[in-house]
Amino acid sequence: MINMNELLSVQNLVKSFSENKVLNCLSFKVDKGEILGVLGPNGAGKSTMFNILSSLTSADSGNVDFSGGIIPGTKEYKKSIGIVPQDISLYNNMTVEENLKFIGKLYGIRGKKLSLKVDEIIDEVNLGVKKKDYIKNLSGGMKRRVNIAASLLHEPKLVIMDEPTVGVDPQSRVDIWKIIRNLKEKGQSVIFTSHYVDEVERLSDRVIIIKKGIVVAEGTAKQLVSKYCKNYVYILQFYSFDDNFCKELTRKINIVDIDVEGDKVKIYMDYSSNILEYIVQTAASLNLAIKNIDIKKPNLEDVFFYFNMKGDKV
Ligand SMILES: Nc1ncnc2c1ncn2[C@@H]1O[C@H](COP(=O)(O)OP(=O)(O)OP(=O)(O)O)[C@@H](O)[C@H]1O
Ligand SMILES: [Mg+2]
């Protein structure tokens, strides 16, 4: 069942390739107008899940429910979703405009409406000056943007993007972030994967982390950080280090953990503690000169690292 705010509900997807169980009871939801970021290591099953949502592969079992009772695999479902595959699928010997017009026609858009729509989308992906250029002459980042444009022509309710920013230049990356945000502003939903955890944190309303075909964590980036990685890390570098520093400091304050590597000391603290004063005092009392102090706030990268380091226990 799907509630009023939800656009898509995926329940207990299972998929095996011979003996290899790639999806293992995968479940999650996407709300209307929501950006859902999907994180997972290589081989976690992200593209397989996307292929099932795109009706390119079928699941062995499980359900995909779409708002309005639209049934996956039907013509209406195909009109409701836009797919940006992991690999670029455009015609190299056609121009940007020709490619988009060709794809638009496949969706049944014709005549003046098609020309207007193609121009609008080309503007949206910031490729106005490349409209008449052949795909083969575009940079990787530009091709990615055309690939995204192709998925938006029919104004789908949900856009599924598999690694839309992989291997693109910084400018294209920023343009792609803008495209994703624009979709949300227009009330469309987006599911996307990326191995750049920073952009998943930056763009997503909610994040799911997939490992071995199952969702191991779900929430806003903030929720995930405060649940799994609440430690601030103080990274100190000394001109010359003395072990007594750690002994003294741990005597004075409650430390979660402390690591020493040569002249570098990492102090893991509960997020609410501010220990700078103690660090400086303790170092001064032992005549140790500090070369550098870095304070690292926990972020989604740490959460992802935490789940990757947990091995098979998750
Ligand atoms: N058509 C297929 N036939 C056999 N095995 C497959 C097929 N497609 C995917 N797999 C296997 O399923 C597993 C998950 O692959 P998938 O491409 O879904 O991972 P992913 O999370 O998208 O990884 P990446 O981050 O590298 O893109 C892998 O072990 C892969 O080898
Ligand atoms: Mg993949």
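In strand β12 (residues 264-270), Val265 is the bridge partner of Val260. Strand β11 (residues 257-261) and β12 pair in the antiparallel sense over five bridges, where two strands pair if DSSP finds at least two bridges between them. The model is predicted: local features need pLDDT of at least 70, side-chain atom pairs count only at pLDDT 80 or more, and totals for chains, interfaces and linings use all residues. Residues are numbered from 1 along each chain as its sequence is written, while chains are lettered from A and ligands numbered from 1 in the order in which they are written.

**The β11-β12 hairpin**

- β11 and β12 form a hairpin with two residues between them, and Gly262 in the turn has a positive phi of about 60°.
- The number of buried residues among the five of β11 is zero, so the strand lies largely in the open. A residue is buried if 20 or more other C-beta atoms, placed from the backbone, lie within 10 Å of its own, exposed if 12 or fewer, and partly exposed in between.

**The chain as a whole**

- The protein chain contains 11 helices and 13 strands; helices (H or I, at least four residues) and strands (E, at least two) are DSSP runs, numbered from the N terminus.
- Of its 314 residues, 35% count as buried.
- The C-alpha trace of the chain spans about 80 × 45 × 35 Å along its principal axes.

**The open sheet**

- Three strands form an open sheet in the order β2-β1-β4, with antiparallel pairing.
- The edge strands are β2 and β4 (61-66), each of which pairs on one side only.
- From one strand to the next, the twist averages 10°.
- β1 and β2 pair in the antiparallel sense over nine bridges, and the bridge partner of Phe17 in β2 is Asn20.

**The surroundings of ligand 1**

- Ligand 1 is surrounded by Phe17, Asn20, Val22, Gly40, Asn42, Gly43, Ala44, Gly45, Lys46, Ser47 and Thr48; a residue is near a molecule if its C-beta atom, placed from the backbone, lies within 6 Å of it.
- β2 (20-31) and α1 (46-53) are the elements that give two or more residues to this shell, and α1 gives the most, with three residues.
- The shell divides into three nonpolar, seven polar and one charged residue. Ala, Val, Leu, Ile, Met, Phe, Trp, Tyr, Cys and Pro count as nonpolar, Asp, Glu, Lys and Arg as charged, and the others, Gly among them, as polar.

- Asn12, in strand β1 (residues 6-17), has a phi near 50°, a positive value in a residue other than glycine. With 14 other C-beta atoms within 10 Å, Asn12 is partly exposed.
- Glu163 lies in the loop between β6 (158-162) and α6 (170-185) and has a positive phi of about 50°, although it is not a glycine. With 21 other C-beta atoms within 10 Å, Glu163 is buried.

- The axes of helix α5 (residues 140-152) and α6 come within 9 Å and cross at roughly 15°. Axes are lines fitted to C-alpha atoms, for helices over the stretch in contact, and angles run from 0 to 180 degrees between N-to-C directions.
- α5 and α6 are therefore roughly parallel to each other; angles under 35 degrees count as roughly parallel, over 145 as roughly antiparallel, 65 to 115 as roughly perpendicular and the rest as oblique.
- The axes of helix α8 (residues 221-228) and helix α11 (residues 300-309) come within 9 Å and cross at roughly 55°, which makes α8 oblique to α11.
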